[in-house]
There are 2 protein chains.
Amino acid sequence: MGSTGSIGRQTLDVVRLHPDRFEVALLTARSSSELLIKQALEFKPDDVVICDPSKWEEVRRALSGTTTEVHAGMDSVCGLVTGDVDIVLSALVGFSGLRPTLAAIGAGKTIALANKETLVAAGSIVMDRAEKAGVRIRPVDSEHSAIWQCLEGAAGNPVEKIHLTASGGPFRTWPRERIAAATKDMALKHPNWSMGAKITIDSATMMNKGFELIEAKWLFETPAAKIHVVVHPESIIHSMVEFRDGSVIAQLGCPDMREPIQLALTYPERLYLNNKKLDFAALGSLSFQEPDLERFPCLGLAFDAIGRGGNVPAALNAANEAAVAAYLEDRIGFYDISGIVSDCIDGVDFVAEPSPEDIFTTNDVVLRRADELIRRWLHS
Amino acid sequence: MGSTGSIGRQTLDVVRLHPDRFEVALLTARSSSELLIKQALEFKPDDVVICDPSKWEEVRRALSGTTTEVHAGMDSVCGLVTGDVDIVLSALVGFSGLRPTLAAIGAGKTIALANKETLVAAGSIVMDRAEKAGVRIRPVDSEHSAIWQCLEGAAGNPVEKIHLTASGGPFRTWPRERIAAATKDMALKHPNWSMGAKITIDSATMMNKGFELIEAKWLFETPAAKIHVVVHPESIIHSMVEFRDGSVIAQLGCPDMREPIQLALTYPERLYLNNKKLDFAALGSLSFQEPDLERFPCLGLAFDAIGRGGNVPAALNAANEAAVAAYLEDRIGFYDISGIVSDCIDGVDFVAEPSPEDIFTTNDVVLRRADELIRRWLHS
């Protein structure tokens, strides 16, 4: 799901490396019809979905005469992921990933989850349904894949602490005034990772790390108080797990999303990967710093949202989604993102144990509220 | 075995922390009668052995009226480790550890091995006997404990590379001329670890890292070509394992031998330990360098010995043992250690598949040869 995005394309790179090991059953894209057609011609899936219905005719025509059936709309995605597939890799962007992921979980499919917003918005529901369906969610996010790999040898020993590493993003060393004036082009220049626009802005605000903390809390059933964010600019240590004897297990690698993607697909087996390998002497050094909540208020807002729980993280996600979209359209400034998110989570109608309907309602209400704030921001 | 040395004392620290989990059956010491008596009065073992027979009367008298029986000599050690004990922690120094360790393995005891020279001198024999006796050798060396911990979650995936970290010792940044003139007091000042004299000098020459490479080869059945030494001055990353997808699993901790000691005793359970915990932001950074074989020729000699195999590593160990003893007695200079070792391994009567007798013979012959060289060195 989301085959034309950054994670989707890298997933198909992994498939291309091991043609004997994978068969692509389904590819879905939001609106990148041209790339979806190219992918379908190469990987010959049974089905493709182009979510944007206005592009359906174009894709259908291009794939006529092939064995691939062409569908349109998110409902088709939700239906097809319950079909004849072993693993569903969810690389959708934002809240849109929730519905089809729940559908795939309901059908008992193994989930390789790159779409962290699904867990941010609806962690309790997703994990609960996964448990009931006997579904294991395999993380694709590099930090969570790292934690997962570090926990493989835990032998039942309780986790004392998770060290969640953060690159610090493109503005790590910038003073607040300079960050305040940053354009989206500056924010989109991530120092270590090549990713989609939404997550790259989330990295620049460090909201991404807040989301990852929420994601880690759900995936590894670890209280947020035991998850510590540490800034590690080189992005070589992808995260670490500490036990009560002080022993820390870490997972490291050159930044390349194909490594966690591949492991999520082939777990527990590790296949060869043609990625760059670590050369520690050439690397020279790895460094660490405390995160700065002053310059990166989104991280503090995420901590708040986790502390309040219920539907507040869903509100956090919705407000952030609207604000980041507005920032990417040059409609608001960098620190307006945290301003809008702060306002939205403060004003949310609190639901302590949200149902799926509560989550969808919170998302809708907060998106509207955020859009209203953005319009007001523009006219003030 | 070796309860009055650095590892032995720290092992008893661990026992002291968890009195409900451990019972000390046997304590052995080479000649530190006073400390052995104190330890026996505190831990009430069934038996103690003082290897130096001239100290037996003193220990016997001090422990008369207790339930502890007092023995003398290494033969007593070899006999008693086959008795009613679950785990034998071998913290003897040098080649002397081989005989009692083989005795304990023969009796099917689980071995917690701190005495690396046992594997350097007789790796094939020790591992072969352990396999036949169904004995698992649990590493105590911090690097090998790290590799062991990293491999816990390997799930059968082959190891592509072991990154064996080295502090670089007290002379890491010194030019060769300054190292050449170093006194034993300078060599005994290890920057990170508080250890016994022999291993501290081995760290200064980096022979210790060569020994560890040989130890890792045997413990983890990994060809030496896949084990890479990387200098890491902070001694925080204790070692790392790399898989074919480029993923590296590392084990980290503040330098404190009680962590690997405790894990070797309680594996797979991890108990609480009152050691210093890692604070990455406070740490600031971790650095890495290539080892310098020019200034640390002992490391190169160890590589040579591994390459030649057979009884050459036993010769390496014996020559080093004699040379380090002479250096500690101020009889030779720092680079005379590598000179003597080089001469001894060049001149060894090669045995491709040594029996235990061949190993003991090699050890005796090389010790004599080294002593002769040391005497000549002194008169030249």
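Reader: How many salt bridges are counted between chain B and chain A?
Author: The model is predicted. One pair that qualifies is Arg270(B) with Asp245(A), whose side chains meet at 3.0 Å, N to O. For the contact between chain B and chain A, the count of salt bridges is two.

Reader: Which element gives the largest share of the side of chain B that touches chain A?
Author: Elements of chain B that give two or more residues to this side are β9 (237–243), β10 (248–252), α12 (258–266), α13 (280–283) and β11 (285–287). The largest share is five residues, and the element that supplies it is β10(B).

Reader: How do the residues of that side of chain B divide into nonpolar, polar and charged?
Author: Chain B brings 40 residues to the contact, and chain A brings 40 residues. On the side of chain B that touches chain A, the residues divide into 17 nonpolar, 14 polar and nine charged.

Reader: What part of the area buried between chain B and chain A do carbon and sulfur atoms give?
Author: Polar contact is also present, with 24 residue pairs counted between the chains, both residues at pLDDT 80 or more. The buried area is about 3,500 Å², and the part given by carbon and sulfur atoms is 57%.

Reader: Which residue of β10(B) stands opposite Val248(A)?
Author: Strand β10 of chain A, residues 248–252, is joined to β10(B) by five bridges, and the two run antiparallel. Within β10(B), the residue opposite Val248(A) is Leu252(B).

Reader: Why is strand β7 of chain A largely enclosed by the rest of the structure?
Author: β7(A) pairs with β8(A), residues 227–231, in the parallel sense over five bridges. Four bridges join β7(A) to β9(A), residues 237–243, and these run antiparallel. Strand β7(A) covers residues 159–166 and is largely enclosed because, of its eight residues, the number buried is six.

Reader: Is His144(A) buried or exposed?
Author: His144(A) lies in helix α7 of chain A, residues 142–151. Leaving out residues up to four places away in sequence, His144(A) touches Pro139(A), Glu212(A), Glu215(A), Ala216(A), Leu219(A) and Phe220(A). Its relative accessibility is 0%, so His144(A) counts as buried.

Reader: Which side chain makes a polar contact with the side chain of His144(A)?
Author: The side chain of His144(A) reaches the backbone nitrogen of Ala216(A) at 3.4 Å. The side-chain partner in polar contact, at 3.3 Å, is Glu215(A).

How values were computed
Residues numbered from 1 in each chain as written. Chains lettered and ligands numbered in written order. Predicted model: local features only at pLDDT ≥ 70, side-chain atom pairs only at ≥ 80, totals over all residues. Heavy atoms only, no water. Contact = heavy atoms within 4.5 Å. Buried area = accessible area lost by both parts, 1.4 Å probe. Salt bridge = Lys/Arg side-chain N within 4 Å of Asp/Glu carboxyl O. Polar contact = N/O pair within 3.5 Å; in protein donor to acceptor, adjacent residues only side chain to side chain. Nonpolar A, V, L, I, M, F, W, Y, C, P; charged D, E, K, R; others polar. Pairing = 2+ DSSP bridges. Buried < 20%, exposed > 50% of the residue type's maximum accessible area, 1.4 Å probe, protein only.
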